[in-house]
Amino acid sequence: MAPVSFLTELNRPSKRSEDFVKNTKSKTVEMILVTVVYCLLLPLSYSKVEADQQCSAQESSASRYSRDAQSNGNERTTNAITYAKGFYYADLNLEKTNLKTIAEYVKRIVFPFSINIPGTMTILTIHNLNITDECNYNGNETMCDICYERVQISTKPSRMNYSNATTCDSSHLEMDKIGFYPENVTSLTQKVTAKGSFEINETCMNKFPCNSLVLSVNWTTMLASSYSNLTGFECVKTHSVNESRVDYNLTLNGEIKSERFMRNVRDAANLINQIIPLDFKSFKVKTTGLVKMKISPNVWYNKPLTITCTIEDNVETVYWIIQGNEDNEEAIISDRHYKFTNGIESTSRLHINATSIWKGYYCCRFLFANGALTHEACGDSTIYLLPEEITPFQAGYTLMKPGLKLEEEVKCCIKNDGEKYEVIWKDGSLGRVSNTSVLTGNGTKCSKLKINKIFNNSINYTCTFVNPKRQNTSGAIVITVLSENDTSCEKEQYRGHAWIITKASQYAESTKPCEDQKVGKIIRFCKKDGNWDEVFFNCTSKKLVTLLSLAKELKEGRGSTSEKLPEVLRNLTNINIKSSDTADAIALSYILDTLTYAAEYSQSTFNSTVISDFLSIASNVTRQRKDATENVEFDSSILMRAVESFSDFFTPPEKEFSVLFANIELKGKEFDAEPEDSYFQRFSENYTAEIDINILKESMKNNSFKISTILYLNIDDILPQNTESEGLPKDYFINSRVQATTLKVNTSEKKTDINLSIKMFFPPKQANGDLKTARCVFWDYHKGGWSLVGCKTKVSVNGTYCICNHLTPFSVLMSRSERLIPFLDEITYIGMVISIGSLVLFITVEIVVWNAVVKTSVTHFRHTTLINTAIALLFAQCFFLIGAIHSVKNNETLCTIATIFCHFFFLSVFFWTLTQSLTLLYRLLFVFHQMTKSIFMSFSFFVGYVCPLAIVIATTTTFISKGKYKKEKVCWLNAKPSGEFTAFYTFIIPVGCIIGINMLILAVVIMKLMRPSVSEGIRNKEDKETITKIVKAILILTPTFGLTWIVGFSLTEDSHDFEHYAFVLLNSIQGLFILITTGVTEIKVREAFINRVKLMIYQSTPENVYTKTSSHSVGK
């Protein structure tokens, strides 16, 4: 007994466009088939046949085309009229003796064909006839061979599902007996829809264009002939046909396996290819209804979102997509967010952290046969969002004093993400406040608050956005009330913007918006000292903001990095940034850095065009930062890291490669697993990089690799120095270009034990660097500064060689070279010796003539101040000379001691001149009141020594602990950084004040001396002369000392040689000047000294010694 299965179709009488009966059929066989159908199907309710079995938008006749007006005039659509009203399976048991006759007839049938069921108005369309098994009946037991497997079947009457009747299934179907009842007919209810498409070749087999043939073929009929024998086939419809592509829909009832489905897909492709050539790779089908999707409901912001897809089939792989409300196209989700297992049942689970970019419509797609067959399930996610950024306008206000009233309207704005937020405003004291409103527009949502109150204390207003799950995030608006001791910047109009009163160390915002097509704020910082900083136009191009958002999505795994990253770079290359576009340069740097992370996570590779776009953008950013007009902190190491990392994803077209731009140069080479070549690269300005491949290949373990070297031609201008952590002097600076080398090993394993040696040559960038102090350094990304670890330095006449055992950005730091001015040192030493000798001679003369010239209190005052001034200057110049010794300059302790003594004694010189002036003023103002010697000595020594000592103690206590007391390698007070109070000011401020006071006193004294009444008050003629001499000394010495240090204060590294010569000469002749003006030119001093010398000579002759001795003896 051989059962024959039927795939049949019941239709109402309807209009027919063509006759499906293709061949003349044997009346006998036809009657058998009609009888079978009548017996098996007639008892079914006609209404049941009709119910829910309609194939939408289809009619009961054969397919036909109708022209529709299309925009391009070439595309045709099909109103498919296919074979569907209701599908059923039935079986018929025949004696084996009749099987051969039926089989021979079936071979000649062209399916499908139609039969009118006698006595009814029903048309039967038979799609397929299959011999399914062979059974032998033995009592109540039946043994059947189903697909060549022997299966025991019992014969209990029941409704059977024959969806797997034509496959080799060894499951046992229990029946008590063979039943020829309608119960054997099963309706398949699982709805499965599929969309298919394929592309036609441009030229047909006979070399004529295929477009006319494509439009004349009845594609529905052809597709139906291949798909109609699928289990549960319901209908097929071609809905789009043009000259090169055909799209169709397919509907099934019931579950079907991928392998079985693909056999029919291949049959359809082969059948069509016999008529018209097609592209087999383009023949693809996507089903919906076989995959079950489960989505986490009501996910909170920043909480896990889990979506699970399952199919009862063994598929090959899976991928996921998402499409948000604002997306024009779907985005592929990175495989790092989901897992996949396959087998009898295949499952994929997506697990992500729910944020705004992950709200959307999700689809999972299981692939079979290399993607020719796709099984899809889709669904919406429900994520409750929170604003990722709250922008307050304005962010703060400052009131000059307590009790002032503020009347302003403030607002907090967010991106309008479609979430329903409750906005709560609060202040620090009263809690929730009212008088608010919410506005939307231009993609934003803002909540406004009107402030109208008196403030006695500083307070923060907070705007809190709350989502339906009561999650919240807040922004703040600061109201600052200044106290008496607070420092602030004054209200002013500057660069076309009004700046309100702002507390020190806070930012003020301009009320004017950014220019068109830019977003952000125009801000200005109030410095600690109450002075305004420059205006910063923190305005970023809207295009860059959009591209930065897209880059962040790629970094998070939302979108195909290999497809979208080149598109982002192409858009960036079309954006031109000016020197004033600092915010745009910062945004570009962050975009490149974000794209680099996206490439790392996806492990994508890119061609020459992409790497050229990347380096071109980076080159423009470094140019902008070098030429920038705004002094804004910019972390250029972010850009440097991005360039180096992205170069690893470059797949060069040739073994050796180079990509050159104005500010960045890239060169490199690929090596096989057994490299024989060397690696040497030469760049512009004679920079070189060389790696010993013999050492490197030992670590490669038979893996191929790529080495890339990058030379940055101007990034050194914008990199921070940061040398303190390595113990390098603070005056060290970058005096070379920066070059970096990267190594990309072609292996899935992470290489950490790489042994290498790289040798680089760095010519000096500037001529003012001291090559003897050069140090090879690398940029440590973790510390954010330069480091000496792992590098050796070798200095040559032309530059510096660096030999390092690791790969990172490298450069050379060195101190600024000591300026070589011809004979300056010789003049300094000779002049100092002359000055010191003159001072020693002057002090000796004063001691010798002291008793002869000091007769009155006035002369005592004068010569006391003169000799102490000379002593202070003598010690000052001695320590200045000691500090000039090279060994002392290089010794931090000795140099600091020399600086302290120079500081003290040079101050003492000026304070003793101040003592002279004050004493002179006192003598003229109080003519009849004499100052005793003890009081004068106490006063003068206090002013001359104690006052400068106090200043030096205070200065050293403040600055030595901070390392800011003295200059680097110079034994004198530190004057850097400019704009801050440094140790140098503790010298120049007292000196400047003393010079000013001395000049003022001199003016008063001269005016007094010109009045006869005052002159007559000084009765002692010698006192009058002495006072005149004091005036003369002050008038000469004060400008001399002052002029010397005015020139010294103005000296810089860029000063002309003449200025250096002038300071050395003036400083050297101070002692000689004192000797000449107060010693040699003084008649009394000169005469007293000559007489004293003569007397000493006279007393030292033998005759006088004898006479004196004899006289002494007689006296006894």
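## Two helices side by side

Helix axes here are lines fitted to C-alpha atoms over the stretch in contact, and the angles between them run from 0 to 180 degrees between N-to-C directions. Keep in mind that this is a predicted model. With that in hand, take helix 13 (residues 824-853) and helix 21 (residues 1057-1068): their axes come within 8 Å and cross at roughly 15°. That makes helix 13 roughly parallel to helix 21, since angles under 35 degrees count as roughly parallel. As for handedness, helix 13 goes past helix 21 in a right-handed crossing.

Who touches whom? From helix 13 come Leu824, Ile827, Thr828, Gly831, Met832 and Ser835, and they meet His1060, Tyr1061, Val1064, Leu1065, Asn1067 and Ser1068 of helix 21. Sorted by class, the contact of helix 13 with helix 21 has six nonpolar and six polar residues, with no charged ones.

## A mostly covered helix

Helix 5 (residues 219-227) has nine residues, and seven of them are buried, so call this helix mostly covered. The buried ones are Trp219, Thr220, Met222, Leu223, Ala224, Ser226 and Tyr227.

## Disulfides

Going by sulfur atoms within 2.5 Å, the count comes to nine disulfides. Here is a look at some of them.

Start with Cys309 and Cys364, which form a disulfide with their sulfur atoms 2.0 Å apart. The angle about the S-S bond is -95°, and the link of Cys309 and Cys364 is left-handed. This pair links distant parts of the chain: Cys309 sits in strand 15 (residues 304-311) and Cys364 in strand 20 (residues 361-368), 55 residues apart. Both Cys309 and Cys364 are buried.

Next up, Cys412 is joined to Cys463 by a disulfide, S to S 2.0 Å. The torsion about the S-S bond of Cys412 and Cys463 is about -85°, so this disulfide is left-handed. Again distant parts of the chain are linked, with Cys412 in strand 24 (residues 404-415) and Cys463 in strand 29 (residues 459-466), 51 residues apart. Cys412 and Cys463 are both buried.

## A helix tied to a strand

Cys895 and Cys971 are also joined by a disulfide, with an S to S distance of 2.1 Å. The torsion about the S-S bond of Cys895 and Cys971 is about -130°, so that one is left-handed. Cys895 belongs to helix 16 (residues 892-925) and Cys971 to strand 52 (residues 970-973), so the pair ties together parts that are 76 residues apart in sequence. Are these two cysteines buried or exposed? Both Cys895 and Cys971 are buried.

Cys878 is partly exposed, with a relative accessible area of 26%.

Now turn to Cys902. The closest cysteine sulfur to that of Cys902 is in Cys971, at 7.7 Å, which is likewise too far for a bond. Cys902 counts as buried because its relative accessibility is 1%, and the cut-off for buried is under 20%.

Definitions and conventions:
Residues are numbered from 1 along each chain as its sequence is written. This is a predicted model: local features need pLDDT of at least 70, side-chain atom pairs count only at pLDDT 80 or more; totals for chains, interfaces and linings use all residues. Side-chain values use heavy atoms; hydrogens and water are left out. Helices (H or I, at least four residues) and strands (E, at least two) are DSSP runs, numbered from the N terminus. Angles under 35 degrees count as roughly parallel, over 145 as roughly antiparallel, 65 to 115 as roughly perpendicular and the rest as oblique. A crossing is left-handed if the near helix is turned anticlockwise from the far one by less than a right angle, and right-handed if clockwise. Contact means heavy atoms within 4.5 Å. Ala, Val, Leu, Ile, Met, Phe, Trp, Tyr, Cys and Pro count as nonpolar, Asp, Glu, Lys and Arg as charged, and the others, Gly among them, as polar. Buried means under 20% relative accessible area, exposed over 50%, partly exposed in between (1.4 Å probe, protein chains only).
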